[in-house]
Amino acid sequence: MAKTIFMAEDDSFLLKIFGKVFTLEGFDLKVAKNGTEAKEAMTQMQEAPSVFLLDVMMPGMSGFELFEYIKSQEKLKNVPVIFFTNLYSDDDAKKAKDMGANMYLLKSDNYPQDVVAKIKSLIS
Amino acid sequence: MKLMHKALVPTILLLLGLVVFLALFARHAVEEAVLLKELERMEKTSQNALLPEVHLEGEATHSEESTHEEEEESGHEEGFEGEFILNQEDFEHPSREESQRHFFRYLQEFKDPEIEKVTLWSKKLKIISSSNDNDEGLNNPTPHVQKILSGADSFFVKKDLKETSLHYKNIAIFVPLKIEGKLYGVLEICLNTDEILAPVKKYLDNIVFVTISAGAATLFVVYLLNNYFIGKSMQLARNKEDFFAIASHEMRTPLTSIKGSTSTILTYYPEKKITEAEMLDFVKQAHDSSVRLIGIANDYIDTLRLEQGKSPFKTESVDIVEIINSVVAEVKSMADEKGLSIKWDSTNMPKYAVLGDKDRVRQVVYNLATNAIHYTRQGSITITIENDGKNLKTVVADTGIGIDPENQKLLFQKFQQAGKNVLSREASLSVGVGLYICKLLVENMKGKVGLLKSEVGKGSEFYFSLPLADNK
């Protein structure tokens with residue numbers, strides 16, 4: 001059974017490119033185009049995804065706020081979370097680590113295939 | 001298909017080259033601007049390095065009612081009673097060096113509306129450093145500066161309405177700067193108000209009623225000002241940090257798109273895992289992202305240059321109707337793509353000439369028009385002009401998403417769409433400096449720019465006005 005990536009990303013270009021590679025690499029994909037849409041999708045989830053890939057800076061709700069929500073939900077709280085952002089600062093990376101995120105990845109440093117490899121290593 | 005593939009390889013290589021070039025260009029341009037500013041600062045700081053310490057000496061009695069003449073009599077004639085040195089114990093400050101560092105940084109970097117001017121005069125009556133860049137190199141000290149240089153102790157002067165020659169508005173503080181007992185120069189602090197620096201005023205008032213060491217009193221004022229400036233300095237550092245964090249985010253996003261598109265084509269197209277249509281779509285995305293990146297780089301360079309006052313402005317007669325015609329023609333395709341109409345009718349309109357820089361006026365019209373298009377999902381953008389006999393107001397109205405009252409306060413600030421939470425800004429719509437650039441441009445042309453009205457869900461009306469060159 002295919003693993004599912006839940007990707008919250010407000011940049012439609014990046015959503016299309018990364019989404020395409022994820023599906024090519026055999027993942028099922030669920031997407032949300034902003035923080036509000038992501039939270040709404042989470043509230044209606046029947047089944048938890050294999051991993052959350054969250055942008056940090058998004059309209060409506062930030063990735064950090066979504067993370068708090070995920071951890072407050074019994075059925076979602078054990079799903080690995082990767083912050084996937086171009087807003088990098090040491091403070092944010094530390095904050096993500098302290099919160100309990102599994103990874104904090106800089107988008108521009110990672111090819112789509114790199115992200116696939118990291119997701120596979122995380123959920124295998 | 002094979003031919004298509006062959007033709008694509010150089011295209012992709014070209015795009016990859018473009019990615020690297022743009023990344024290097026953007027990084028270099030931003031770094032260069034920062035470096036230039038830093039070098040300027042260091043150049044100035046090297047002069048300030050001549051001031052290793054501030055020693056203030058002497059003791060005097062001061063009174064709020066005292067006139068300049070009285071100060072002249074009381075200040076110096078009472079003589080000095082030892083040396084007063086700012087130290088940690090006295091002022092609970094981390095270090096004198098740090099205090100001075102922040103203080104002189106203030107002189108170079110800040111423009112505070114409440115502090116009219118902070119000037120450091122040399123003993124030879126030349127300005128060493130001033131918060132007013134235009135003063136650099138001037139040498140027209142007030143008689144108060146000369147009084148200090150001729151040996152008077154520090155004093156405060158409240159503006160005498162009869163004395164029109166004074167260029168400060170409320171209070172001026174004159175402080176002798178001595179190094180190891182030797183007079184080095186004069187610190188002149190001119191305040192626009194005696195209200196805003198409440199702590200300073202409090203001590204100024206206290207000084208009126210008690211006999212206190214003039215050196216201590218002055219240092220205390222300088223110390224309080226220092227703390228005030230340090231607070232400002234920290235705010236500036238935070239603003240800079242935010243600026244670079246968001247600026248780098250905005251630039252990395254299209255770069256990620258270019259990198260991701262091209263690598264996906266290179267990896268999956270030869271294996272036929274993506275279709276030709278998908279491949280072409282990715283090439284288009286890479287192209288569009290490179291255009292977006294160039295726009296972002298230009299906006300940031302513009303912002304930095306304008307903030308540093310390094311962009312020259314012409315003052316010429318500008319045909320505003322012709323400019324709006326040209327901008328409307330340029331942005332029409334952008335509006336068409338979203339199904340929006342642009343309402344602007346210049347038929348039979350007289351020629352209106354405003355005073356400004358033609359290219360800059362065009363940039364303002366373009367920014368306001370594209371801003372309206374970005375934030376409008378359906379309906380129209382309407383451009384009108386109004387002549388009040390002195391100024392020409394250009395109004396750009398949209399039927400867009402509107403702005404709530406809370407966020408209206410943030411308009412025209414850098415990254416204004418950030419609102420209270422920088423992490424939930426709508427980054428995909430714009431890079432957040434468009435209106436800020438408009439403000440800098442219009443103010444440089446002695447005009448006004450602002451929001452006329454806005455209602456969430458109904459739309460917004462922005463305007464800018466410039467002085468009329470003539471009135472036909």
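Axes here are lines fitted to C-alpha atoms, for helices over the stretch in contact, and the angles between them run from 0 to 180 degrees between N-to-C directions. The views below are all taken from a predicted model.

**View 1. Helix α12 of chain B and its surroundings.** Helix α12 of chain B spans residues 434–444, and its buried residues are L435(B), Y436(B), I437(B), C438(B), L440(B), L441(B) and V442(B). After α12(B) comes K446(B), a residue whose phi is positive, near 60 degrees.

**View 2. The packing of α8(B) against α12(B).** Two packed helices are described by the angle between their axes and the distance between the axes. For α8(B) and α12(B), the axes come within 10 Å and cross at roughly 40 degrees, which makes α8(B) oblique to α12(B). From α8(B), the contact is made by D299(B), D302(B), T303(B), L306(B) and E307(B), while α12(B) contributes Y436(B), I437(B), L440(B), L441(B) and N444(B). By residue class, this contact of α8(B) with α12(B) divides into five nonpolar, two polar and three charged residues. The crossing in which α8(B) passes α12(B) is left-handed.

**View 3. The packing of α10(B) against α12(B).** The axes of α10(B) and α12(B) come within 9 Å and cross at roughly 150 degrees; since angles over 145 degrees count as roughly antiparallel, the two helices α10(B) and α12(B) are therefore roughly antiparallel to each other. The crossing of α10(B) past α12(B) is left-handed. On the α10(B) side, R360(B), Q363(B), V364(B), N367(B), L368(B) and N371(B) meet G434(B), L435(B), I437(B), C438(B), L441(B) and V442(B) of α12(B). The residues of this contact of α10(B) with α12(B) comprise seven nonpolar, four polar and one charged.

View 4. G260(B) lies in helix α7 of chain B, which covers residues 214–268. Is G260(B) buried or exposed? With a relative accessible area of 2%, G260(B) is buried, because that value falls under the 20% cut-off. When its neighbours within four places in sequence are left aside, G260(B) is in contact with I17(A) and P112(A). Within chain B, G260(B) and A286(B) are separated by 26 residues in sequence and are 8.5 Å apart in space, C-alpha to C-alpha.

Conventions:
Residues are numbered from 1 along each chain as its sequence is written. Chains are lettered from A and ligands numbered from 1 in the order in which they are written. This is a predicted model: local features need pLDDT of at least 70, side-chain atom pairs count only at pLDDT 80 or more; totals for chains, interfaces and linings use all residues. Side-chain values use heavy atoms; hydrogens and water are left out. Buried means under 20% relative accessible area, exposed over 50%, partly exposed in between (1.4 Å probe, protein chains only). Helices (H or I, at least four residues) and strands (E, at least two) are DSSP runs, numbered from the N terminus. Angles under 35 degrees count as roughly parallel, over 145 as roughly antiparallel, 65 to 115 as roughly perpendicular and the rest as oblique. A crossing is left-handed if the near helix is turned anticlockwise from the far one by less than a right angle, and right-handed if clockwise. Contact means heavy atoms within 4.5 Å. Ala, Val, Leu, Ile, Met, Phe, Trp, Tyr, Cys and Pro count as nonpolar, Asp, Glu, Lys and Arg as charged, and the others, Gly among them, as polar.
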